[in-house]
Amino acid sequence: MSYHRFVVVGDSCAEGLDDPYPDQRHYRGWADFVAARLAEGEPGFRYANLAVRGRRLDQIVPEQLPAATRLAPDLIALFGGGNDVMSRGWDARTVARRVDAAIRACTEISPVVVTFTLSDVSRRMPLGSRMRPRIVALNEAIREAAVSYGAQLIDLWPDQAVTDSRYFGADRLHLSAHGHRRLAAYVLARLGLDHDPAWLAPLPGTAAPGSRRADLQWLLREVLPVAATRTRNRLIGRQPGDGFFPKRPDLLPMALDEAWAPGNA
């Protein structure tokens, strides 16, 4: 099956953090890799990415899906839920309702919907075990909604790549360039399309071993600044993602010689 209008909605993982282009001005990510593959042999192919970092599912639906509806996609991908997991006032039933509403709305927009569970990133950080039950609950809701509404599910929970730090950025949450290529391969395989086999091949060598020193550096460099920013935002009434805009708000063609095209990545 070929696709002509591919639209992506979601949060920072859908936007492409932490996979910057060489010029460091924009993020690439799995969705750009998928779009480049879908564009092969399809001169009428167009791609839009409406994702905004920091957004929860209850923000993605009212902010991004009306625009997605106007673009009339024949393929839509939703990657979200991570910010719900990390939000204050977590409630599994509330988040399950958000998941159901988001996936249902996507299936009303497009005949083919791809959605994702989260990998077990709790294994990547000290005291992450406290986050694990939230991820489990979110993933259960995503699986249930995918079945209920006929969405194509990319289940990342069993992926053992989560144990290799090279698949993640410095914050241990967002995917690195290697991680985004791996996710792109999963999406293309789910759609019945071929991909660069190297994207799923084990990385050569071994990842640097973890250490208390590395954990302390991560805490000081990544965790504390984010915590301070979130506290300041709460005090001034600012939401994560405020002031950011989609990187690709309109359906645009993908030139096959662009930097993210397969073979050039």
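Two strands pair if DSSP finds at least two bridges between them. The views below show a predicted model.

**View 1. Strand E2 pairs with strand E1 in the parallel sense.** E1 covers residues 5-10, and E2 covers residues 46-49. Four bridges link the two strands.

View 2. Look for Tyr47: its bridge partner in E6 is Leu252. In a regular strand the side chains alternate between the two faces of the sheet.

**View 3. Cys13 and Cys106 are in no disulfide.** The whole structure has zero disulfides. For Cys13, the nearest cysteine sulfur belongs to Cys106 and is 16 Å away. For Cys106, the nearest cysteine sulfur is that of Cys13, also 16 Å away. A disulfide needs the two sulfur atoms within 2.5 Å. Cys13 has a relative accessible area of 15%, so this residue counts as buried. Cys106 is buried too, at 0% relative accessibility.

**View 4. The second largest pocket has a volume of about 340 Å³.** Its lining is made of 16 residues. The closest to the pocket centre are Arg124, Ser165, Arg172, Ala208 and Gly210. By residue class, the lining of this pocket holds six nonpolar, five polar and five charged residues. Rolling a probe the size of a water molecule over the atoms shows where empty space is left.

Key
Residues are numbered from 1 along each chain as its sequence is written. This is a predicted model: local features need pLDDT of at least 70, side-chain atom pairs count only at pLDDT 80 or more; totals for chains, interfaces and linings use all residues. Side-chain values use heavy atoms; hydrogens and water are left out. Buried means under 20% relative accessible area, exposed over 50%, partly exposed in between (1.4 Å probe, protein chains only). On a 1 Å grid over the protein atoms alone, a cavity is a set of points where a 1.4 Å probe fits but cannot get out, and a pocket is an open set with protein on both sides within 12 Å along at least five of seven lines; lining residues have an atom within 4 Å of a point. Grid points are joined across faces, edges and corners, and a volume is the space filled by probe spheres set on the points. Ala, Val, Leu, Ile, Met, Phe, Trp, Tyr, Cys and Pro count as nonpolar, Asp, Glu, Lys and Arg as charged, and the others, Gly among them, as polar.
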